[in-house]
Amino acid sequence: MAVLFPGTEELSKPRLEAVRDGLKNEGMLEGRDYRLEVRFANGDNAQLPPLAQELKALKPRVFVAAAHAVPAVESVRPDAPLVFTAVAIDPIAVGLAQSYARPGGTATGNVMNAAGGEESLTAKRLGFFRDLVPGIRQIGMIGVADYGLVRLETSEAAALSKVAAQLGIRFDSYEIKPTLDDLDAVLAKALSDGVEAFYISGDPVLTYKMSVVAPRILATGKPTFGPYPDWARAGLLLTYSSDAIDGFRRAGVYTAKIIRGANPGDLPIEQASKFWLVVNLKTARQIGINVSPNLLMLADEVIE
């Protein structure tokens with residue numbers, strides 16, 4: 001089986017182990033029942049198509065692809081089944097499948113949104129954030145400018161704008177180049193506009209360059225929140241999202257079923273059912289925010 005990650009080997013390691021765990025849960029062992037061929041694009045989207053071609057030449061029984069690797073694999077695979085994961089966009093809208101219940105074709109997998117989509121997740125995320133910063137009046141989203149792939153920022157911005165308006169909070173969106181060359185200038189512009197807190201988009205480009213992005217955003221001294229746990233571990237005040245590692249585990253389960261003869265078109269696309277709230281208590285103390293005992297009790301992970 002062939003696995004393609006858009007990110008670095010270090011960032012992808014726990015995700016790859018989760019795929020193996022899913023296969024193991026179905027009674028399949030590496031070396032006995034399957035062999036893995038894995039490639040990493042190291043955050044460079046331009047490397048995804050050639051890496052997908054490289055894997056295609058190995059004639060895998062099944063492809064597993066994450067996030068921005070999905071369209072690269074989809075464009076090169078002939079009839080080989082595809083199991084996708086870490087997908088935050090609608091697979092029906094982009095033509096990966098015919099429906100959630102019965103995908104048809106040869107692609108299936110799981111998505112990071114639950115019933116209600118991005119808006120439902122955003123409402124929960126922003127609700128938790130307001131518990132931390134109740135007086136917030138203006139939020140700025142840091143996203144990535146158009147770079148030719150389907151962008152998560154579109155749905156994030158729409159959901160944040162709608163939910164923020166319902167709460168009486170002003171919302172503005174700020175885009176940076178994929179190279180991050182203008183990050184400091186964009187942050188300065190947001191601060192001059194009166195932004196009181198930052199939301200960091202879940203766009204993979206930002207995630208793969210977290211070590212560069214996080215310190216600069218934290219240096220503003222403003223409260224910060226975003227979707228994925230890795231960001232809270234890097235210093236953001238709060239994150240809330242579906243459990244991405246569980247998604248990779250479930251991708252391993254589906255891969256095992258397909259290897260054993262299941263038709264991917266008959267395997268329903270799974271929506272997220274496990275969610276992970278992370279609160280960074282260390283960051284809260286540094287910027288003078290008191291975290292309520294109730295929120296700490298709700299948190300799945302507290303960073304001290």
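Colleague: Why does Tyr 199 count as buried?

Modeller: The relative accessibility of Tyr 199 is 1%. Buried means under 20% relative accessible area, exposed over 50% and partly exposed in between, with a 1.4 Å probe and protein chains only, so Tyr 199 is buried. As to the basis, this is a predicted model in which local features need pLDDT of at least 70 and side-chain atom pairs count only at pLDDT 80 or more, whereas totals for chains, interfaces and linings use all residues. Residues are numbered from 1 along each chain as its sequence is written, and side-chain values use heavy atoms, with hydrogens and water left out.

Colleague: How many aromatic pairs does the structure hold, and what makes Phe 129 and Phe 225 a stacked one?

Modeller: There are six aromatic pairs. Rings of Phe, Tyr and Trp (its six-membered ring) pair if their centres lie within 6.5 Å; planes under 30 degrees apart count as stacked, over 60 as edge-to-face and the rest as tilted. Phe 129 and Phe 225 are 4.1 Å centre to centre with 15° between the planes, so they pair and are stacked. Phe 129 belongs to helix α4 and Phe 225 to strand β9 (residues 224-226), so the pair ties together parts that are 96 residues apart in sequence. Helices (H or I, at least four residues) and strands (E, at least two) are DSSP runs, numbered from the N terminus.

Colleague: What makes the largest nonpolar core a core, and which residues have the most contacts inside it?

Modeller: A nonpolar core is a set of buried Ala, Val, Leu, Ile, Met, Phe, Trp, Tyr and Cys residues joined through side-chain atoms within 4.5 Å. The largest has 29 residues, and those with the most contacts inside it are Leu 132, Ile 139, Phe 225, Leu 238 and Leu 295. Elements giving two or more residues include α4 (117-132), β6 (138-144), β10 (238-242) and β11 (275-280). The most comes from α4, with five residues. A second, separate core of 24 residues includes Ile 176, Leu 187, Met 210 and Leu 236.

Colleague: With what is Leu 295 in contact, its neighbours within four places in sequence left aside?

Modeller: Contact means heavy atoms within 4.5 Å. Leu 295 has such contact with Phe 128, Leu 132, Leu 238, Leu 277 and Val 279.

Colleague: What is the strand order of the open sheet, and which are its edge strands?

Modeller: The seven strands follow the order β7-β6-β8-β9-β10-β11-β12, with mixed pairing. The edge strands are β7 (170-176) and β12 (301-303), each of which pairs on one side only. On average, neighbouring strands are turned by 20° against each other, direction ignored. Axes are lines fitted to C-alpha atoms, for helices over the stretch in contact, and angles run from 0 to 180 degrees between N-to-C directions.

Colleague: How do you know that β8 pairs with β9, and β10 with β11?

Modeller: Two strands pair if DSSP finds at least two bridges between them. Two bridges join β8 to β9, which run parallel, and five join β10 to β11, which run antiparallel, so both meet the criterion. Tyr 199 stands opposite Phe 225 in β9, and Tyr 240 stands opposite Leu 277 in β11.

Colleague: What makes the phi of Asn 42 worth noting, and is Asn 42 buried or exposed?

Modeller: Asn 42 has a positive phi of about 55° although it is not a glycine. Most residues other than glycine have a negative phi. Asn 42 lies in the loop between β2 (37-40) and α2 (48-56) and, at 51% relative accessibility, counts as exposed. Leu 180, in the loop between β7 and α6, has a positive phi of about 70°, but at 6% relative accessibility Leu 180 counts as buried.
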